[in-house]
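Visitor: I am new to reading structures. Can you take me through this one, feature by feature?

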Amino acid sequence: MNKKLTTLGIETSCDETAVAIIDRSDNRLASIIDSQIPIHSKFGGIVPEIAGRAHVERLPEVISLTLDAANLKLTDLDLVAVTQGPGLVGSLLVGLSYAKSLAWGLNIPLVGVNHIEAHMESALIGQSTISFPILFLVVSGGHTELYLKQSFDKMFRIGGSRDDAAGEAFDKVARLLGLGYPGGPAIEKLASGSIAKYKIPIALDDSSFDFSFSGPKTATKNLFNRLNKDQEVIGDIAASFQESVVEALYRKVKLAIEKYRPATVGITGGVACNGPLRSKFANLASEYSIKLLIPSTMLCQDNGEMVAFAGLRKYLRDEKNDLFHNFLQLDALPSWLPTDS
Ligand code: KG4
Ligand code: ZN
């Protein structure tokens with residue numbers, strides 16, 4: 001095989017049809033994120049059936065646009081990486097089926113990638129030296145998870161949300177406040193000119209490493225129902241809710257730093273695009289003299305580059321793995337959490 005290892009990454013686990021191509025040295029040759037936000041926003045959230053159908057319509061063109069942007073042909077590809085789970089089953093199946101056909105037709109290997117691991121690995125893109133242990137917080141629309149990675153192949157889950165993911169809570173509160181979908185950016189925008197003057201309780205403020213965002217979401221709803229609905233009040237509710245979510249994440253990461261003393265903290269996923277969250281964690285990292293890795297907003301949200309990067313790493317660790325070459329048996333895994341190793 002040609003050793004350039006030009007890798008195509010395909011991400012269709014949720015509402016982004018995202019494709020990227022990287023080379024063996026992790027250089028991004030092209031990356032396109034085709035968002036379905038305009039399609040779902042009129043429903044106030046993601047409609048799974050519509051998401052799956054939109055991936056079917058968009059994926060072939062997004063792949064071909066990505067190849068054009070990288071100035072490559074299909075036959076230049078050496079490896080395909082695709083999100084295998086977790087995510088919406090219909091959406092995952094579109095990417096996985098397309099990836100299988102492509103790899104089969106080109107007679108090249110295929111790597112199934114865990115979406116949460118891909119988010120974590122996105123923090124490592126472009127890092128020439130990596131200091132372990134790394135404490136990862138993945139904070140997205142579907143997940144809020146804490147992991148400790150002790151070496152390249154040793155990792156375990158510390159905790160996570162017991163109910164809503166942080167991004168899901170942002171989206172639900174935004175819908176309540178009439179701010180549309182996706183909720184995170186809308187709440188951040190409105191909150192920036194407002195005051196966090198209401199007290200939203202922090203759930204599970206204890207010594208566990210778990211989160212709960214369902215209670216704070218209901219507390220916000222009760223507050224909203226009690227108050228008048230003028231713009232200033234809505235802004236202050238948005239700011240108060242945002243502050244409580246960021247504070248809840250901050251407290252548990254701080255607790256995990258105290259217990260596990262990581263050398264690096266990586267924070268990724270769509271919610272990590274949030275400005276106040278980024279600055280609060282920057283202060284925390286400098287307080288503990290820890291290296292903080294929060295990727296660019298393009299890499300924090302769902303994207304194909306993180307899938308290509310995680311897939312290429314996985315392939316390089318275990319090139320002879322049968323599954324990379326006999327991939328037709330790979331199934332979509334809608335609830336697949338990274339396994340402890
Ligand atoms: O990682 P992501 O793109 O998709 C999933 O894997 O879920 O995350 C999407 C989530 C949505 O819930 C969205 O509201 C949230 O990330 N989000 C934000 C911000 N930008 C996106 N939440 C808070 N502040 C933001 N600026
Ligand atoms: Zn994601």
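**Ligand 1 and its surroundings**

Guide: Start with a contact: a polar backbone atom of valine 271 is 3.5 Å from an oxygen atom of ligand 1. This is a predicted model, where local features need pLDDT of at least 70, side-chain atom pairs count only at pLDDT 80 or more, and totals for chains, interfaces and linings use all residues. Residues are numbered from 1 along each chain as its sequence is written, chains are lettered from A and ligands numbered from 1 in the order in which they are written, and side-chain values use heavy atoms, with hydrogens and water left out.

Visitor: Which elements give two or more residues to the shell around ligand 1?

Guide: Helices are DSSP runs (H or I, at least four residues), numbered from the N terminus. Here the elements are helix H4 (115-122), helix H5 (166-176) and helix H6 (183-191). H6 gives the most, with four residues.

Visitor: How many residues surround ligand 1?

Guide: A residue is near a molecule if one of its heavy atoms lies within 4 Å of it. For ligand 1 there are 21. The closest are Gly141, Asp171, Gly184, Glu188 and Gly270.

Visitor: What does aspartate 171 do at ligand 1?

Guide: Think of polar contacts, which are pairs of N or O atoms within 3.5 Å; within protein, one must be able to donate a hydrogen and the other to accept it, and residues adjacent in sequence count only if both atoms are side-chain atoms. A polar side-chain atom of aspartate 171 lies 2.7 Å from an oxygen atom of ligand 1. Glycine 167 uses a polar backbone atom, 3.1 Å from an oxygen atom of the ligand.

Visitor: Is H4 enclosed or open?

Guide: Buried means under 20% relative accessible area, exposed over 50%, partly exposed in between (1.4 Å probe, protein chains only). Seven of the eight residues of H4 are buried, so H4 is largely enclosed by the rest of the structure. Among them are His115, Met120 and Glu121. At the start of H4, a side-chain oxygen of asparagine 114 comes within 2.8 Å of the backbone nitrogen of isoleucine 116.

Visitor: How many disulfides are there?

Guide: A disulfide is a pair of cysteine sulfur atoms within 2.5 Å. The whole structure has zero. Cysteine 273 has its nearest cysteine sulfur, that of cysteine 300, 4.9 Å away.
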